[in-house]
Amino acid sequence: MEYLIFAICLIAMLIGVIGTVVPVLPGLLLIWITYLVYGFFSDWEAYGLTTMIVSGVIVLISFGLDFLASSLGAQKFGAGKAGVVGSIVFAILGLIFFSLPGLIIGTFLGAVVFE
């Protein structure tokens, strides 16, 4: 059973690594969730809770910077303050309800609707 869980986690992490390059897959989030699942099943022998908290904060900062970058990109190409706010709001809603494609489409639609 231990080898099966390890193999599944390894495959999920490899998909996560691919997801850091391919925009359709949520790479960092998938890698972090896989770490969490593996830690749960291995009784946290390989790493501890502190490592999970620090890596989780890094993942959250990464998502925050992604939202900031998309809003600054919208502003640079002529969107007003309402468009920037709309892109952030729709990006968050798109990510929650439709994963990464929702993030990309939501950012664009939010800027268009709020402008």
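Me: I'd like to learn how to read helix packing here. Which residues of H2 meet which residues of H3?

Reply: From H2 come Leu28, Leu29, Trp32, Tyr35 and Leu36, and they meet Met52, Ser55, Gly56, Val59, Ser62 and Phe63 of H3. By class, the residues of this contact are eight nonpolar, three polar and no charged. Keep in mind throughout that this is a predicted model.

Me: How do the axes of H2 and H3 cross, and what handedness does the crossing have?

Reply: The axes of H2 and H3 come within 10 Å, with a crossing of roughly 165°. Angles over 145 degrees count as roughly antiparallel, so H2 is roughly antiparallel to H3. The handedness of the H2 and H3 crossing is left-handed.

Me: Let me zoom in on one residue. What does leucine 28 touch, leaving out residues up to four places away in sequence?

Reply: Leaving out sequence neighbours brings out the contacts made through folding. Leucine 28, a residue of helix H2, touches Thr20, Val59 and Ser62 on that basis. Its relative accessible area is 40%, so leucine 28 is partly exposed. For a distance along the chain, take glutamate 2: its C-alpha atom is 24 Å from that of leucine 28, and the two are 26 residues apart in sequence.

Me: Between H2 and H3 there is a loop. Which residues in that loop have a positive phi although they are not glycine?

Reply: Here you read the backbone angle together with the residue type. Aspartate 43 has a phi near 55°, positive in a residue other than glycine, and aspartate 43 sits in the loop between H2 and H3. Tryptophan 44, also not a glycine, has a positive phi of about 60°, and tryptophan 44 is placed in the loop between H2 and H3.

Me: Are aspartate 43 and tryptophan 44 exposed or partly exposed?

Reply: Compare each value with the cut-off: exposed means over 50% relative accessible area. Aspartate 43 counts as exposed because its relative accessibility is 60%. Tryptophan 44 has 30%, so tryptophan 44 counts as partly exposed.

Me: Which residues of H3 are buried, and what covers them?

Reply: List the buried positions, then look for what lies over them. In H3 the buried ones are Met52, Ser55, Gly56, Val59, Phe67, Ser71 and Ala74. The cover over the buried residues of H3 includes helix H2 (27-41) and helix H4 (81-114).

Me: How do H3 and H4 cross, and which residues meet there?

Reply: Use the angle again, then the residue list. The axes of H3 and H4 come within 10 Å and cross at roughly 130°, and H3 and H4 are therefore oblique to each other. Their crossing is right-handed. On the H3 side are Phe63, Asp66, Phe67, Ser70, Ser71, Ala74 and Gln75, which meet Val84, Ser87, Ile88, Ala91, Ile92, Leu95, Leu103 and Thr107 of H4. The contact of H3 with H4 divides by class into nine nonpolar, five polar and one charged residues.

Methods
Residues numbered from 1 in each chain as written. Predicted model: local features only at pLDDT ≥ 70, side-chain atom pairs only at ≥ 80, totals over all residues. Heavy atoms only, no water. Buried < 20%, exposed > 50% of the residue type's maximum accessible area, 1.4 Å probe, protein only. Helix = DSSP H or I, 4+ residues; strand = E, 2+ residues; numbered from the N terminus. Contact = heavy atoms within 4.5 Å. Axes fitted to C-alpha atoms, helices over the stretch in contact; angles between N-to-C directions. Parallel < 35°, antiparallel > 145°, perpendicular 65-115°, else oblique. Left-handed = near helix turned anticlockwise from the far one by under 90°. Nonpolar A, V, L, I, M, F, W, Y, C, P; charged D, E, K, R; others polar.
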